[in-house]
Structures are given as C-alpha cells and as structure tokens.
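Trainee: Can we go through the aromatic side chains in this one? I'd like to start with the clusters.
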Amino acid sequence: MNMPQPAARPCTALLLTGGGARAAYQVGVLQAIAALRRRSHPGQHGLPFDIVVGTSAGAINAMALACAADRFHHGVAQLARVWGHMGSHQVYRVDARDALRGGLHWLGLFLAGWWSGRQGRTLQPRSLLDNAPLRELLHEQLPLQRLPGLLAGGHLRAVALTSSCYSSDEHITFYDAAETQRDWSRVRRRALRTAITVDHVMASAAIPFLFPAARVEVEGRTGYYGDGSMRQLMPIAPAIHLGAQRVLAIGVGGAREAEGNGAASDPGYPSLAQVASHALSSVFLDTLAGDAEHLARLNHVLSLVEPERRARTGLQPIDLLVITPSRRLDDLATQHLDELPRSARALLAMLGMHRGAGGAHGAGLATYLLFEAAFTQELMRLGRADAMAQSQAICRFFDWPERRR
C-alpha cells in the first residue's frame with residue numbers, strides 16, 4: 001500500500017527592505033521568528049526560507065542570513081550581536097575633520113557655483129559621509145564565499161539584492177540561484193545573475209547623498225551604483241520572479257510614519273534636513289505598502305478566475321505577510337539624538353535639524369544614521385514585540401503549530 005506523500009512546502013521568500021539604521025528592527029523580528037520556529041520544530045536548524053531578497057541595509061541582513069542558510073538560529077544570533085553592539089564608527093567616518101569636510105565641501109561648492117562646471121568634476125563632492133568603515137565590517141562579517149556551496153547543497157534556492165545604476169539609469173537585481181533561472185527585464189529594471197560580492201552589497205546600501213556610489217563591474221562594463229531602494233516601485237517582484245509562492249516582508253516604516261506630532265498653523269519653511277527626510281521616506285518607506293496593496297488586488301482578481309483558466313495564464317496568488325514597526329521610528333530616534341557622534345550632530349545641524357517644542361525637526365534623517373547600540377537595541381526590542389504580537393499570523397504563514405510554553 002502506497003502511503004500518501006506530504007504536500008510540498010510552498011516556495012517561501014524573505015524580503016528585507018532598506019532604511020539605514022532602521023534595519024535593526026528587522027533583526028528583532030527575525031529573533032522572534034527564530035524563537036517561534038524553535039518552539040514548533042526544535043530539531044530543525046536550516047533557513048525557513050527558500051529565497052532571500054534584500055535592499056540597502058536590508059541587503060546586508062539578507063546576505064548575512066543567506067550565508068548562514070544551514071544554521072538559521074546561529075545566523076540570527078550573529079546578526080543580533082553585531083547590531084546590538086553597533087557604533088556609527090563601524091559604518092561611516094565620525095571624526096570631526098572628515099564629517100565637517102564632507103558637509104563644508106557641499107556647502108562651499110554650492111556657494112561657489114560648482115554646477116557651472118568651471119571648477120571641474122574633480123571638485124564635486126561624492127557624498128556627505130565616507131562609509132569606508134562599512135566595507136571593512138562587511139568583509140569581516142559576511143562570508144559570501146559560502147553562498148555557492150549553500151546554493152548547490154540545497155540549503156537555499158536563490159538569493160538577491162537590488163541596486164540602482166547611476167550610469168545606465170536602471171534598477172538592477174543582482175541574484176544567484178541553485179537552478180537555471182532566466183534573467184528578467186521590465187521597463188528600466190532588469191535582473192542579472194552573478195556571484196554576490198561585497199561590492200554589490202555596498203552598492204545596494206549606498207544611501208543617496210549620504211554615502212558614495214559603489215563601483216561595480218557588470219557584463220564587462222564598469223558602472224556606479226547606488227541604493228537599491230531608488231526607483232524600486234515593486235519591491236516584492238524579485239521574490240516572485242525567483243519563484244516565491246509566499247513572501248514574508250519586513251519593512252522599516254509603517255502607517256504610523258505618516259502621523260505627525262500635530263501641525264502648527266504655520267510650521268515655517270522646511271529645513272534641508274526635513275526635505276531630505278521626506279525624500280528618503282519616499283524612497284525607503286512608501287513602496288512596500290503600495291506594492292502590497294497592488295498584490296492584494298491582483299490576488300483578489302485571480303480568486304475570481306476559474307482554476308482552469310487561471311492555470312493557463314501562468315499566474316497564481318501570492319501569500320504575503322508584512323511586518324512593520326508599530327511605532328514611529330522618528331519618535332524613537334528623537335530620544336537618542338545625543339548618542340550620535342558630535343560630528344554627525346554638527347552635520348545634521350548644518351542641514352537644519354533642531355529641537356523644538358514638538359520634538360526634533362528633521363529627526364527622520366537621523367534615523368538612517370543612528371547606528372548606535374542604544375537605538376539599535378531599542379529597534380530590535382520593538383521588532384521582537386511586534387512579531388510576537390503577530391505570532392499566530394506567522395505560524396499560519398509557515399504552517400507551524402503554535403505551541404505555548
């Protein structure tokens with residue numbers, strides 16, 4: 001008598017979006033997922049995801065998890081150790097000379113009219129901050145040489161990160177996979193299969209204006225690449241292209257980000273820090289919610305189509321679970337501004353960030369740069385709490401029995 005075979009597990013993807021220091025929140029969520037997994041399946045140690053996709057700082061977290069695909073709990077614990085003992089000096093140069101040089105270089109060239117081209121391209125500033133320390137940290141903490149073996153050994157089906165090419169004006173998904181996978185291309189976005197390196201991770205995490213573009217060689221050509229959140233209108237798409245049937249997405253901004261502290265009748269002209277915060281929010285925080293809404297509508301339309309006809313389209317519903325902060329991270333950052341290096345505080349002050357009766361104006365910009373342990377630990381605690389509050393939804397997503405201690 002033939003015994004019925006258990007149903008194959010749906011191909012599951014993890015999507016980690018970007019947002020500088022905000023990405024510490026994702027580690028807290030992953031800690032909660034690891035705890036729930038340990039309760040329901042104590043003997044399993046591999047990654048509960050087949051596909052891992054990341055953008056910007058989320059790409060750093062994603063690559064760290066992918067490199068530990070055969071030991072998920074160890075990978076999460078290592079991420080927590082790094083983020084829990086984080087310091088800004090590990091990400092960008094914080095001494096006053098370097099920071100003020102970057103800020104004054106920008107302001108000086110604006111005053112001198114550098115856009116006229118008379119001073120030459122060599123005088124144009126590359127970024128406000130120098131993130132060379134981040135490259136050193138990635139070389140120390142990311143054993144990317146493990147990825148080919150983990151893919152070949154079946155511990156992982158695919159891994160991907162996104163970046164934006166300043167040279168070609170395209171949004172690029174760099175990926176590697178265990179099986180044959182066709183590159184895909186859409187309007188101004190395409191995918192390229194390649195061995196993931198620290199250069200690709202640096203490119204994905206190069207926050208516009210704050211950090212310099214990364215030089216990457218692609219298809220025999222050298223290009224300069226910036227943060228993968230730019231022009232990323234559909235962050236869930238790479239996971240679906242790689243075969244995901246269900247996606248767990250961890251964002252770093254939620255609906256509460258839109259809640260202000262109460263608008264005054266005349267709040268005054270916005271500072272550069274407020275404008276920059278608004279611009280970065282549109283890059284990092286808005287697209288996941290919009291793409292999730294789009295996917296929900298598509299799932300609804302597919303549910304109305306007869307199964308036979310739907311099968312002919314090649315389309316299928318995608319199970320999506322999104323976890324985002326339950327509190328405004330701008331508010332949390334306001335409590336930790338004094339922990340920023342003095343040089344970073346001076347630079348933000350030059351851009352107009354200041355404390356007022358309603359809080360710190362322009363503090364949103366600081367959330368991307370607050371790589372300080374007190375702040376990252378608080379984000380991790382929030383991530384754990386938010387995920388445990390959704391423990392039933394998480395267990396249903398993975399088809400795990402929910403066992404209470």
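**Aromatic contacts**

Mentor: One aromatic cluster is made up of F49, F397, F398 and W400. Rings of Phe, Tyr and Trp (its six-membered ring) pair if their centres lie within 6.5 Å; planes under 30 degrees apart count as stacked, over 60 as edge-to-face and the rest as tilted. This is a predicted model, where local features need pLDDT of at least 70 and side-chain atom pairs count only at pLDDT 80 or more, while totals for chains, interfaces and linings use all residues. Residues are numbered from 1 along each chain as its sequence is written, and side-chain values use heavy atoms, with hydrogens and water left out.

Trainee: How many aromatic pairs are there in the whole structure?

Mentor: The search finds 9. In one of them, the ring centres of F284 and Y368 are 5.3 Å apart with the planes at 35°, so that pair is tilted.

Trainee: Are F284 and Y368 buried or exposed?

Mentor: Both are buried, meaning under 20% relative accessible area with a 1.4 Å probe, protein chains only.

Trainee: And how do F397 and F398 pair?

Mentor: Edge-to-face, with 5.0 Å between centres and 85° between planes. F397 and F398 are both buried.

Trainee: Which charged end sits over the ring of F397?

Mentor: That of R246, 5.4 Å from the ring centre. The charged end of R22 sits over the ring of Y368, at 5.3 Å from its centre. The test is NZ of Lys or CZ of Arg within 6 Å of the ring centre and within 35 degrees of the ring normal.

Trainee: Switching topic, what is the mean pLDDT of the protein chain?

Mentor: It is 86, and 85% of the residues reach 70 or more; pLDDT is the predictor's confidence in each residue, from 0 to 100.

Note on methods:
Buried means under 20% relative accessible area, exposed over 50%, partly exposed in between (1.4 Å probe, protein chains only).
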